[in-house]
Amino acid sequence: RGRGTRAVTTSLVTGGSGYFGSLLVRRLVDRGHEVRVLDIADAHDRPPDVEFVEGDIREPRIVAAAVAGCDRVFHNVAQVPLAKDLHLLRSVNVDVTRLLLDTAMAAGVSKVVHTSSSAVFGVPKANPVLPTTVPSPMEAYGHAKLAAEWACLDAARDGLDVSIVRPRTILGHGRLGIFGILFEWIADGKDPIVLGDGTNRYQFVHSDDLADVCVLAAEREGPGVFNVGTDRFGTMRETLEALCVHAGTDATVRSLPAGPASLAMRLTAGLGVTPFAPYHWMMYSKSMWFDIEHLDDQLGWAPTWSTDEMFAQSYDWFVANRESTDDAAASHHRRSSKQGVLKLAKRVSGYLPPAR
């Protein structure tokens, strides 16, 4: 079926009902490919000609049925960092990846593209993060995603053509989760918060750009590791200031001391009254960005979206669809996170000092 070409293939997208998985499904369909989804629940917007396999991806028979007859596998299932159950975090992110790779190998799948995470690098010692930078995760989710990468590397050594794609923080139309809280605050004229002075440089990636990289990685013969982000980004403060200007709601970026605020995020998350995960309080005040030259060299790819453009588009989508952004049946990143005590912080945000 023409590996390394645009020939029609049958692709399995695990987690194809989630935010990014559903977008990737539509991208593959638009390119004329046959697509199958494996997920624990169906999505309301799944294209009618896309086959759906419902089931727990931890079950070998379910995985075997989903993989059968597929040329390519795009693996997007992940237990998100908010998981409190460390066994679940490990079993879904690591054990499932091993099961899927073994099943793909046995079924003669020609290519696997595994979506990993920039969390494998923790807080990097130096920026930009290079393709040669050694991962060094700092919390349970990052450790689990790195272990899944090791499983991919083992499978590649055993002869499976598998590539790893590591996105920076994902944005795009319909992307919610904790961003839903940020967009709500700004839409209501409440002031978003940075930690410290907000001068940390922070890179994002648009979901459309990420989907392009995944498709190109699938069409490229041979294993690879690809770090993906935009090439036009600034500091966290600049990013939120630009969004406030775009929104036109008089919201102003405010500042909290990084150390005490990070501790408060950690303590309130532990009590279950805020929607933060360890990566949030570790990274929100830190700088991180990928060097992406290798994506042009190996895939002929360059990002379409700048950070300001993707934030503006994501915000506009939220405003237009606000009434449907708290659907409890939707996947984590397709609904806004519950604010908890952040509702109180929203009321008093205007009394904090402006970011400087």
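Helix α3 passes helix α4 in a right-handed crossing; a crossing is right-handed if the near helix is turned clockwise from the far one by less than a right angle, and left-handed if anticlockwise. This is a predicted model, in which local features need pLDDT of at least 70, side-chain atom pairs count only at pLDDT 80 or more, and totals for chains, interfaces and linings use all residues. Residues are numbered from 1 along each chain as its sequence is written, and side-chain values use heavy atoms, with hydrogens and water left out.

**First stop: α3 and α4**

Select residues 86-107 for α3 and residues 140-157 for α4. Helices are DSSP runs (H or I, at least four residues), numbered from the N terminus. The axes of α3 and α4 come within 9 Å and cross at roughly 15 degrees. An axis is a line fitted to C-alpha atoms, for helices over the stretch in contact, and angles run from 0 to 180 degrees between N-to-C directions. The angle makes α3 roughly parallel to α4 (under 35 degrees is roughly parallel, over 145 roughly antiparallel, 65 to 115 roughly perpendicular, and the rest oblique). Now display the side chains that make the contact (heavy atoms within 4.5 Å): they include Leu86, Leu89 and Val94 of α3, and Ala140, Tyr141 and Cys152 of α4. The residues of the contact of α3 with α4 comprise 13 nonpolar, three polar and three charged. Here Ala, Val, Leu, Ile, Met, Phe, Trp, Tyr, Cys and Pro count as nonpolar, Asp, Glu, Lys and Arg as charged, and the others, Gly among them, as polar.

**Second stop: α5 and its two partners**

Next, select α5 (residues 178-187), whose axis comes within 10 Å of the axis of α7 and crosses it at roughly 50 degrees. This makes α5 oblique to α7. Leu182, Phe183 and Ile186 of α5 meet Leu240, Leu243, Cys244 and Ala247 of α7. By class, the contact of α5 with α7 has seven nonpolar residues, no polar and no charged.

Among the contact residues are Phe179 and Glu184 of α5, with Phe311 and Tyr315 of α11.

The structure holds 17 salt bridges, each being a side-chain nitrogen of Lys or Arg within 4 Å of a carboxyl oxygen of Asp or Glu. Select Asp212 and Arg27, whose side chains meet in a salt bridge (2.2 Å, N to O). This pair links distant parts of the chain, since Asp212 lies in helix α6 (residues 207-219) and Arg27 in helix α1 (residues 19-30), 185 residues apart. Asp212 is partly exposed at 26% relative accessibility, whereas Arg27 is buried at 19%. Buried means under 20% relative accessible area, exposed over 50%, and partly exposed in between (1.4 Å probe, protein chains only).

Glu241 and Arg237 are four residues apart in helix α7 (residues 236-247), so about one helical turn separates them. Glu241 is partly exposed at 34%, and Arg237 is buried at 18%.

Finally, select Glu184, Asp188, Arg322 and Lys346, which are linked in a network of salt bridges.

How values were computed
Helix = DSSP H or I, 4+ residues; strand = E, 2+ residues; numbered from the N terminus.
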